[in-house]
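Work through the exercises below with the model open. Try each task before reading its solution.

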Amino acid sequence: MAEVKEMNNQAVLDKLQFKFADAIFNVSEPFDLLTITTSKDKVIEIIQFLYDNEELKFRFLTDICGVHYPDQELPLGVVYHLHSLTNNIRVRIKVFLPESAPRIQTLTGVFLGANWMERETYDFFGIIFEGHPDLRRILNVDDMVAFPMRKEFPLEDPNRTDKNDDYFGR
Amino acid sequence: MAHIKLGDNSLEKETVTLNLGPTHPATHGVFQNILELDGERIVSAQSTIGYIHRAFEKIAEHRPFYQITPLTDRLNYCSAPINNMGWHMTVEKLLGIQTPKRVDYMRIIAMELSRIADHLVCNSVIGVDSGAFTGFLYVFQKREDIYEIFEEICGSRLTTNMGRIGGFERDFNDVAIAKIKKFIVEFPDVMREFENLFNRNRIFIDRCVGVTPVSAEKALAYSWSGPLLRSCGVDYDVRVAKPYCSYEEFDFEIPVGTTGDIYDRFLVRNEEMWQSLSIIKQALVKMENEPKGIFNAEVPDYCLPPKEDVYSSMESLIYHFKIVMGEVPIPKAEIYHSVEGGNGELGFYLVTDGGRAPFRLHFRRPSFINYQAYVDIAKGGMISDAILAMSSLNVIAGELDA
């Protein structure tokens, strides 16, 4: 039997950097969770590699969600949380997209469970997952035109005069 | 949806469309499924969700941390304390707050009680949907007892808003401890009776065994977690995989199933209740061995001062307002923390920018992720099995729609 090596963040990162040297930027470890940023062209390939690799086995998709950073050059982020149940280690992968063309490949080819997570991300951030089998709104009404989790979307009707939250800073 | 033309092997020419939900007594919540039926067999199905979407993630971006706790109550309202404490622990991890051991044990008692309450609802409702009402009535007495304990601990029952960042607002009082002890004594009898009613019940077994089985591969592909994943034979439990709140000190087992059918889901939840009971017993002993009177961490910047002091001392009043208004230092960070909720891995992905409210807060809601497999597993089966499958998934509308 091959010697079982303790898998840690550094080992995962080494493997990734060996394979995708020029597609991995901004490596950090906030609260011990390996976080990398990659480009939208490479992300599915990287996740597929993490899934297929016999030592890594990242075969549990914990979550997909969007984040909107209006001040960034590429404001729309998609954040993937993957979990390797056999090694008990997680990894977070981020991709940033321009607001003008928020398009990214779907992950449903790797994980069936990505289906609704991507629909939710589309619903709230307007990120279009190309190749998704059924990309419709999921929690909001179908005829909604805005993407409500983007920062410019107000929480409440801005024309209201009966309520002033200025003192509360929100 | 368009009707589907049926072949010669069916009596019907084409399928019949049936709207199951959004308000249907058999769905136990606001879910709509548009079914295409060939007789009683489901040919295709489409889920529509979002009927009670309340924009929690958007609201959370405009609220200081304390005001987010009531939002978490309303995710999985069958086990609200787990959500509350999951959120508080996320914030504690962010702020680097170390909670005293006694607080951890108190939390574990509250969380495991809510797990029992959650599983009681689910399993007894499986009974109701398969035509056995009695068990439901028997165990709801015990669920009531759990809610009475919550009432003693925090003053409310269903949406508890329990605890504070750093611990609890007050110590468990003597009545609460007495009620927990009474529950520990009385629960096994009720649970045994419940199991006697179902586990070897011929009708129940016929309705459940081999119905909507899910393989481990499929469960993982669908990102299932919690009792559902374990019923398929995967022993993933956040309490063991990434222990939080001193779970590593406790001795308990993770029950797993083999076939992932409704019967396995039922048995896994039953066994988890026994394990939870054992954890509560251990936690109570450990708690009593700790020095009395400690019920939160020493973090005056984040933990609300006692109400009596707020009314009588200036400093406490200032702190109270500072905390409620979110005028406390929050580091700029990004964090993912997860706890084992009633339905699986309940995760909090929190991004802060130093402001009083989260920059972004995403809830990984197990019901939302588990439920997407429903159409897949219901397809091809009978409509009555689909009803039972839905109750065995324990989809909580609040958690589904956020």
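**Exercise 1: strands of chain A**

Task: find the sense in which β2(A) and strand β5 of chain A pair, and the number of bridges.

Solution. β2(A) and strand β5 (residues 89-97) of chain A pair in the parallel sense, over five bridges. Strands here are DSSP runs of E with at least two residues, helices are runs of H or I with at least four, and both are numbered from the N terminus. Two strands pair if DSSP finds at least two bridges between them. One bridge to locate joins A:Thr35 to its partner A:Arg92 in β5(A).

The model is predicted: local features need pLDDT of at least 70, side-chain atom pairs count only at pLDDT 80 or more, and totals for chains, interfaces and linings use all residues. Residues are numbered from 1 along each chain as its sequence is written, while chains are lettered from A and ligands numbered from 1 in the order in which they are written.

Next, take strand β1 (residues 25-28) of chain A. It pairs with β2(A) in the antiparallel sense over two bridges. A:Phe25 has A:Thr37 in β2(A) as its bridge partner. Five residues lie between the strands of this hairpin, and A:Phe31 takes a positive phi near 50 degrees.

Last, is β2(A) largely enclosed or left open? Four of the five residues of β2(A) (residues 34-38) are buried, so the strand is largely enclosed by the rest of the structure. Buried means 20 or more other C-beta atoms within 10 Å of the residue's own, with C-beta atoms placed from the backbone.

**Exercise 2: the sheet of chain B**

Task: give the strand order of the open three-stranded sheet and name its edges.

Solution. The order is β1-β2-β3 (chain B), with antiparallel pairing. β1 (16-20) and β3 (41-48) of chain B each have a single partner strand, so one side of each lacks a neighbour in the sheet. From one strand to the next the twist averages 20 degrees. β1(B) pairs with strand β2 (residues 32-38) of chain B over five bridges. B:Thr17 has B:Glu36 in β2(B) as its bridge partner.

**Exercise 3: two helices of chain B**

Task: describe how α3(B) packs on α4(B).

Solution. Helix α3 (residues 80-95) and helix α4 (residues 101-129) of chain B pack at about 140 degrees, with axes 7 Å apart. Axes are lines fitted to C-alpha atoms, for helices over the stretch in contact, and angles run from 0 to 180 degrees between N-to-C directions. That makes α3(B) oblique to α4(B). Oblique covers what is left after roughly parallel (under 35 degrees), roughly antiparallel (over 145) and roughly perpendicular (65 to 115).

How values were computed. A residue is buried if 20 or more other C-beta atoms lie within 10 Å of its own, exposed if 12 or fewer, and partly exposed in between; C-beta atoms are placed from the backbone.
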